[in-house]
Amino acid sequence: MQDATAQMAMLQFISSGLPKVAVPSTIHCDHLIEAQTGGAEDLQRAKEINHEVYNFLATAGAKYGVGFWKPGSGIIHQIILENYAYPGVMLIGTDSHTPNGGGLGAICIGVGGADAVDVMAGIPWELKCPKVIGVKLTGSLSGWTSPKDVILKVAGILTVKGGTGAIVEYHGPGVDSISCTGMATICNMGAEIGATTSVFPYNHRMKTYLDKTGRAEISQLADEYKDCLVPDPGCHYDQQIEINLSELEPHINGPFTPDLAHPVSDIGAVAEKSGWPLEVKVGLIGSCTNSSYEDMGRAASLAKQALDRGLKCKAQFTVTPGSEQIRATIERDGYAKVLRDVGGVVLANACGPCIGQWDRKDVKKGEKNTIVTSFNRNFTARNDANPATHAFVTSPEIVTALAIAGTLKFNPEKDYLTAPNGEKFKLVPPTGDELPSRDFDPGQDTYQHPPADGSGVAVDVNPASNRLQLLEPFDKWSGKDLEDMAILIKVKGKCTTDHISAAGPWLKFRGHLDNISNNLLIGAVNYENNAVNKVKNVLTSEYGGVPDVARHYKANGLSWVVVGDENYGEGSSREHAALEPRHLGGRAIIVKSFARIHETNLKKQGLLPLTFADPDDYDKIRPDDKISIRGLSSFAPGKPLTAVIKHGDGSQDTVQLNHSFNETQIEWFQAGSALNRMKELQ
């Protein structure tokens, strides 16, 4: 569990009344550290600002048997790869990029905090059986092409929803040309196509990584059972994609969505034609997706070429190590110095700008600009809270090259740079060791193991705190149909969990449900007026912010629904996007289609995630309609519900709403939440 989601997960676990977790569990402090000036300073400031939250997580971990990785230890997914993932293990994490562990042949799946609570309580975790998409890799990587380009290409093929309800299994002779950490990069960004998880077959690259990270006993066992850790002969895939790595070009995806794929050779012309800013303001490398030793080495090889010719980056340049082990090792081996010398700022071992934890000063909000990152996600305003920032995702190598050149028009495979003495030169394709020749330097010890008996540990939550708040149970279903509910907002277009519950400055309230609910849907576009955070209050006929109107409805006993578009709730696993509408009086979310994790999170909190049987029925909804949901007295798996839509002119429509509830999930709804149901069964 990462710290932003662990707060609510541990608060829910405390509410369960159980004395100790039933399975090995860990907390990782990576989300609450804001990038401002540099690693050491930013980390120290975060420790001071977030002391109350860190103390809560540390003591809750000690009391309930959960390991605690302190701030500065690194990003959860890198820590998992270095310490916990191994071929054949099944692991869940409260972050959508948990599939990173598939680079070690593990089945690692991102979930919401309520799912984690179930697992920690020893309750079987269930998932609708996914399809399997096969990606056959032939040829081999070379030159400027990197593992990141594989998933950038796949994202362009499948789009942000093409992997929904599926596991992506990579196979074929090309797999062996990819490092273990490169495979992790590919699996990590599989979250951006909606995949349940992604996985690679066990091979010698995984064995080498396990050995180098002190897990030789596991690699020996994996060798012994390797036939169980690769695709079965003659296996059938529900969909098959083939990519020749020898022909794959370096890619760059964006802006505003991670599936808008372009070969790097084309991006300058496309940007010029589209009116996207050509000047690269900032290049950012690192993050949970691309912060391995190999990634840093390849970036440093380019930086050194520039330095040798007297060049530094034209753009601002930041470097985010994925873990304390990576930071210490690249410092020891000189990579960090080279990256600093070319103009880079080495940030803390944390998520930082990738999740919006970035105190950016170089542009004003609303100013059009371009940044290039080696991150995984580039939704509107995600990195810097500026909706005019055009963010592109690519490999660390391409980020470094574009930061040196300062423009999207630079194609490092063909174009020349000009040294201060006027000499023109081309960058030689990047190189870098897969793993350090010496052992990794572990750096500082940042892990707190839970005591054998934590029953005497005190976990305090101050009632006056604005960061933490104990949870109150949600109300049970009344036993009746839901009648004449208001439409809080009819959302237009893409609505990710960032739109529903923004990160960045709001992360500090992740442990306080009432405070963080003040960001409910403030990033979503209102169909009625194309405005953000401006909806009509049907009780007053005045316009207000989405959370303000929701609170007014709740105070006046008016239940409400949200109406949405395709792939609603894509992106992060944050369950706050489900907790907040429930807390503020929401009863149902009715959309054309859902992203998997968000749909489950809504069910866990006692909401009704429903889909239009006919997607065109979305167009029948008007902002001032009243909606009734009927058929709840006979609510059953596979049986649609009915919505009666009463229009302001006195007319009405009746439409069919589908759902994916099973018997257990229906019990969650009837009890008011999954946590309520767990208590009923104790």
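Predicted model: local features only at pLDDT ≥ 70, side-chain atom pairs only at ≥ 80, totals over all residues.

Modeller: Asp-308 and Lys-304 form a salt bridge through their side chains, with a distance of 3.2 Å from N to O. Both residues belong to helix α11, where they sit four residues apart, or about one turn of the helix. Asp-308 counts as exposed because its relative accessibility is 54%. Lys-304, at 45% relative accessibility, counts as partly exposed. As a general point, side chains of opposite charge can pair when their charged atoms come close.

The side chains of Lys-337 and Asp-341 meet in a salt bridge at 2.8 Å, N to O. Lys-337 and Asp-341 are about one helical turn from each other because they are four residues apart in helix α13, which covers residues 335-341. Lys-337 is exposed, with 53% relative accessibility, and Asp-341 is partly exposed, with a relative accessible area of 31%.

The next pair is in helix α21. There, Glu-680 and Arg-677 lie three residues apart, about one turn of the helix, and their side chains are joined by a salt bridge of 2.9 Å, N to O. Glu-680 has a relative accessible area of 36%, so this residue is partly exposed. Glu-680 and Arg-677 also belong to a network of salt bridges that links them with Lys-476 and Glu-667. In total, the structure holds 36 salt bridges.

Glu-667 leads on to a helix pair. The axes of helix α20 (residues 663-671) and helix α21 (residues 674-681) come within 7 Å and cross at roughly 95 degrees. That angle makes α20 roughly perpendicular to α21. On the α20 side of the contact are Glu-667, Trp-668 and Ala-671, which meet Ala-674, Asn-676, Arg-677 and Glu-680 in α21. By type, the residues of this contact are three nonpolar, one polar and three charged.

Helix α7, residues 180-188, gives another view of packing. This helix is mostly covered, with nine of its nine residues buried. Among the buried residues of α7 are Cys-180, Met-183, Ile-186 and Cys-187, along with Thr-181 and Asn-188. What do the buried residues of α7 pack against? Their partners include the helices α4 (76-83), α6 (147-158), α8 (204-212) and α11 (293-308). The strands β6 (166-171) and β7 (197-199) are also among those partners. Helix α11, one of these partners of α7, is also the helix that holds Asp-308 and Lys-304.

How many disulfides does a search of the whole structure find? The search finds zero. Cys-29 shows why: the closest cysteine sulfur, in Cys-351, is 11 Å from the sulfur of Cys-29, which is too far for a bond. A disulfide would need the two cysteine sulfur atoms within 2.5 Å. Cys-351 is in no disulfide either, and the nearest cysteine sulfur to it, that of Cys-288, is 6.5 Å away. Cys-29 is buried, with 0% relative accessibility, and Cys-351 counts as buried at 8%.

Note on methods. Residues numbered from 1 in each chain as written. Heavy atoms only, no water. Buried < 20%, exposed > 50% of the residue type's maximum accessible area, 1.4 Å probe, protein only. Axes fitted to C-alpha atoms, helices over the stretch in contact; angles between N-to-C directions. Helix = DSSP H or I, 4+ residues; strand = E, 2+ residues; numbered from the N terminus. Parallel < 35°, antiparallel > 145°, perpendicular 65-115°, else oblique. Contact = heavy atoms within 4.5 Å. Nonpolar A, V, L, I, M, F, W, Y, C, P; charged D, E, K, R; others polar. Salt bridge = Lys/Arg side-chain N within 4 Å of Asp/Glu carboxyl O.
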